Amino acid sequence: MCHSEHSGDSLHDRNPGTIGYRVRKMLWDDVEQVRGIDLFCFPTMLPPTNYKTEFINPMAHYLVAYTGPSYDTVADTENPKTLILGFIGLWYLAGEIHVINLAVHPDFRSIGVGELLLIRGIEVAIRLRAILVTLEVRVSNIEAKALYSKYGFSERGIRRAYYLDNREDAAIMTLEQMESPAYIKKLQQLYRTWSEKTGISSETNED
Ligand SMILES: CC(C)(COP(=O)(O)OP(=O)(O)OC[C@H]1O[C@@H](n2cnc3c(N)ncnc32)[C@H](O)[C@@H]1OP(=O)(O)O)[C@@H](O)C(=O)NCCC(=O)NCCS
């Protein structure tokens, strides 16, 4: 697990399960925190992602999950202490959405943050009328693979020795027909279950 540079922060001292959060587009002021989470979670990634370039990349869509110290479920984006809990990076390319990255700060895992980021990412794909959502994930990454499978992604192939640090294989996972009524219904049901589990209502987590 990655180490936290936020240790001692009052938010980090709270029970993570009691923290409310929302998802919105990444702002310029979020970039440093996003880079920090990326470096914690993917220390062997070479070259590291240049988030300042990504911020102005026209095909990139970055979303962040954020919270702040003075509220539970409604965050003030002007608040300088807004804390980024995790992010998802998407590229819209040739009619496809590629999930470039999805990461949650280690202090805030297992409280639904990754799930909400993925839901919002899939909604972006639906809004852009993408034909599919695709990604690569380490074959050993049980947590991420479980999350993607829960949302209907299926394994479509393997990229051998894809990761340079340990030559681990990548599983290619793909989601199709996100715009079908059956999938929209499934997404809505999963969202309702997420909302019941986290206690965060739809009225307060949509920007
Ligand atoms: C993968 C990751 C984004 C999940 O985020 P998270 O906020 O901790 O996950 P959530 O609390 O939203 O959990 C949602 C689902 O993910 C899966 N999941 C999360 N943690 C899991 C665990 N420890 N074991 C198995 N499945 C797990 C489950 O399907 C879970 O749904 P469930 O609660 O109904 O079982 C997070 O572990 C992470 O940042 N990992 C490091 C970076 C990474 O590997 N990113 C993926 C790159 S492809």
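User: Which element gives the largest share of the shell around the ligand?
Analyst: In this predicted model, helix H5 provides the largest share of that shell, with six residues.

User: Which other elements supply at least two residues of it?
Analyst: Besides H5 (142-150), strand E4 (96-104), helix H4 (113-127) and strand E5 (132-138) each supply at least two residues of the shell.

User: How many residues surround the ligand, and which are the closest?
Analyst: The ligand is surrounded by 20 residues. The closest are Arg-109, Gly-114, Glu-115, Ala-146 and Leu-147.

User: And by class, what does the shell have?
Analyst: The shell has 12 nonpolar residues, together with four polar and four charged ones.

User: Changing topic: how many helices and strands are in the chain?
Analyst: The chain has six helices and seven strands. Along the sequence they follow the pattern α-β-α-α-β-β-β-α-β-α-β-β-α.

User: What share of the chain is buried?
Analyst: Of the 207 residues in the chain, 30% are buried.

User: Which residues have the most contacts inside the largest nonpolar core?
Analyst: That core has 42 residues, and those with the most contacts inside it are Val-64, Ala-65, Leu-85, Phe-87, Val-113 and Leu-117. Among the elements that give two or more residues to this core are helix H2 (31-41), strand E2 (60-67), strand E3 (83-93) and strand E7 (170-176). E4, H4, E5 and H5 also give two or more residues to the core, and these four each supply at least two residues of the ligand shell as well.

User: What does Phe-87 touch?
Analyst: Leaving aside residues up to four places away in sequence, Phe-87 touches Met-26, Val-34, Ile-37, Tyr-62, Leu-63, Val-64, Ala-103 and Leu-117.

User: Back to E3, then. Why is E3 largely enclosed by the rest of the structure?
Analyst: E3 is largely enclosed because eight of its 11 residues are buried.

User: How do E2 and E3 run, parallel or antiparallel?
Analyst: E2 and E3 run antiparallel and are joined by eight bridges. One of the pairs is Ala-60 with its bridge partner Trp-91 in E3.

User: And in which sense do E3 and E4 pair?
Analyst: E3 and E4 pair in the antiparallel sense, over eight bridges. Gly-86 stands opposite Val-104 in E4.

User: How many residues lie between the strands in the hairpin of E3 and E4?
Analyst: Two residues lie between the strands of that hairpin, in which Ala-94 takes a positive phi near 50 degrees.

User: Last one: among contacts between residues at least 6 apart in sequence, what share joins residues at least 24 apart?
Analyst: Of those contacts in the chain, 64% join residues at least 24 apart.

Technical notes:
Residues are numbered from 1 along each chain as its sequence is written. This is a predicted model: local features need pLDDT of at least 70, side-chain atom pairs count only at pLDDT 80 or more; totals for chains, interfaces and linings use all residues. A residue is near a molecule or strand if its C-beta atom, placed from the backbone, lies within 6 Å of it. Ala, Val, Leu, Ile, Met, Phe, Trp, Tyr, Cys and Pro count as nonpolar, Asp, Glu, Lys and Arg as charged, and the others, Gly among them, as polar. A residue is buried if 20 or more other C-beta atoms lie within 10 Å of its own, exposed if 12 or fewer, and partly exposed in between; C-beta atoms are placed from the backbone. Two residues are in contact if their C-beta atoms, placed from the backbone, lie within 7 Å. A nonpolar core is a set of buried Ala, Val, Leu, Ile, Met, Phe, Trp, Tyr and Cys residues joined through C-beta atoms within 7 Å. Two strands pair if DSSP finds at least two bridges between them.
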